[in-house]
Amino acid sequence: MSVKTTLAVTVAALLLGGCSTTLDGFGSQQAAVEPSQITPAPSGSVESSAVPPPATTTYGAGAATAAAAVTPRAPETPVALSPPQATAPGGVAYAEPGAARTQLAGAWKFGWDNGQKTCKVTLSTDRGMTGFAANADVDCPNDIFMTKAWDVWGDDIVLQNHLGKVTARLKPMGNGQFDGTTTADGTHITLIRG
C-alpha cells in the first residue's frame with residue numbers, strides 16, 4: 001500500500017505540475033506586461049564642418065618656452081652667489097676668509113628679553129650641512145635651539161637652522177658682543193663671548 005500511495009502522489013504531482021504556468025517549459029505562459037516597443041533613431045540630414053584650431057593657452061610649456069628654459073643665457077643683472085667677503089669684528093678685512101670664523105668659533109652666551117634670559121650657543125669651524133656647525137642648548141628659544149649652522153656675512157654673524165634658513169643676524173658692538181634680531185619675530189637678541 002505504501003508503494004501504491006507513493007505512486008499515486010507522484011502521478012498527481014506530475015499532473016498538477018504540467019498545468020502550472022510558473023515553471024519554465026510547462027504549460028503556456030502569458031506575459032503580464034506587453035514588451036515595450038523600441039523607438040527607432042531619427043533619420044534626418046547630417047551636417048559637417050571643419051574642426052576649429054585649438055585655442056591658445058596661457059599656461060603650460062610649448063616648444064618655444066621649453067627650449068628657452070633649457071638654453072643658457074647671460075643674467076640680466078649679476079647676482080652674487082656667495083656672501084660678502086668675511087671681515088673681522090672690527091671691520092678689517094683679512095686675507096684669509098676663514099680667519100674671522102676662527103676668531104668667532106667657541107662658546108657664546110645668547111641673550112633675549114633685554115638680557116633677562118640666556119642660554120649657551122657654541123659656534124664651530126667644523127663644516128655642517130648648511131654652513132659651519134653650531135648648536136644651542138635646550139634652554140634657548142625654539143628658533144635658536146634649531147640652529148645647526150652659522151657663518152659670517154660682512155661684519156654680521158648669521159645663524160641658520162637645519163634647512164639653511166637664516167634664523168638670526170647679529171652685528172658687532174665691540175668688546176666681544178654682537179646685537180641683532182631674530183628673523184621670525186624681530187626679537188632683540190645678543191651674543192656675548194662666554
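A residue is called buried when its relative accessible area is under 20%, exposed when over 50%, and partly exposed in between (1.4 Å probe, protein chains only). The structure is a predicted model, in which local features need pLDDT of at least 70 and side-chain atom pairs count only at pLDDT 80 or more, while totals for chains, interfaces and linings use all residues. Residues are numbered from 1 along each chain as its sequence is written, and side-chain values use heavy atoms, with hydrogens and water left out.

Three aromatic pairs were found in the structure. Rings of Phe, Tyr and Trp (its six-membered ring) pair if their centres lie within 6.5 Å; planes under 30 degrees apart count as stacked, over 60 as edge-to-face and the rest as tilted. One of the pairs joins Phe-110 and Trp-112, with 5.8 Å between the centres and 40° between the planes, and is therefore tilted. Phe-110 has a relative accessibility of 0% and so counts as buried. Trp-112 is also buried, its relative accessible area being 13%.

Another tilted pair consists of Phe-132 and Trp-150, whose centres are 6.0 Å apart and whose planes make an angle of 45°. This pair links distant parts of the chain, since Phe-132 belongs to strand β3 (residues 132-136) and Trp-150 to strand β4 (residues 147-153), 18 residues apart. Strands (E, at least two residues) and helices (H or I, at least four) are DSSP runs, numbered from the N terminus. Both Phe-132 and Trp-150 are buried.

Charged side chains were also found over rings. A charge sits over a ring if NZ of Lys or CZ of Arg is within 6 Å of the ring centre and within 35 degrees of the ring normal. Arg-127 lies over the face of Phe-132, 4.3 Å from the ring centre. The charged end of Lys-148 is placed over the ring of Phe-145, at 5.5 Å from its centre.

One disulfide (a pair of cysteine sulfur atoms within 2.5 Å) was found in a search of the whole structure. It is formed by Cys-119 and Cys-140, with the sulfur atoms 1.8 Å apart. The torsion about their S-S bond is about 105°, so the disulfide is right-handed. The two cysteines lie 21 residues apart and link distant parts of the chain: Cys-119 is in strand β2 (residues 117-127), and Cys-140 is in the loop between β3 and α4 (142-145). Cys-119 is buried, at a relative accessible area of 5%, and Cys-140 is buried, at 7%.
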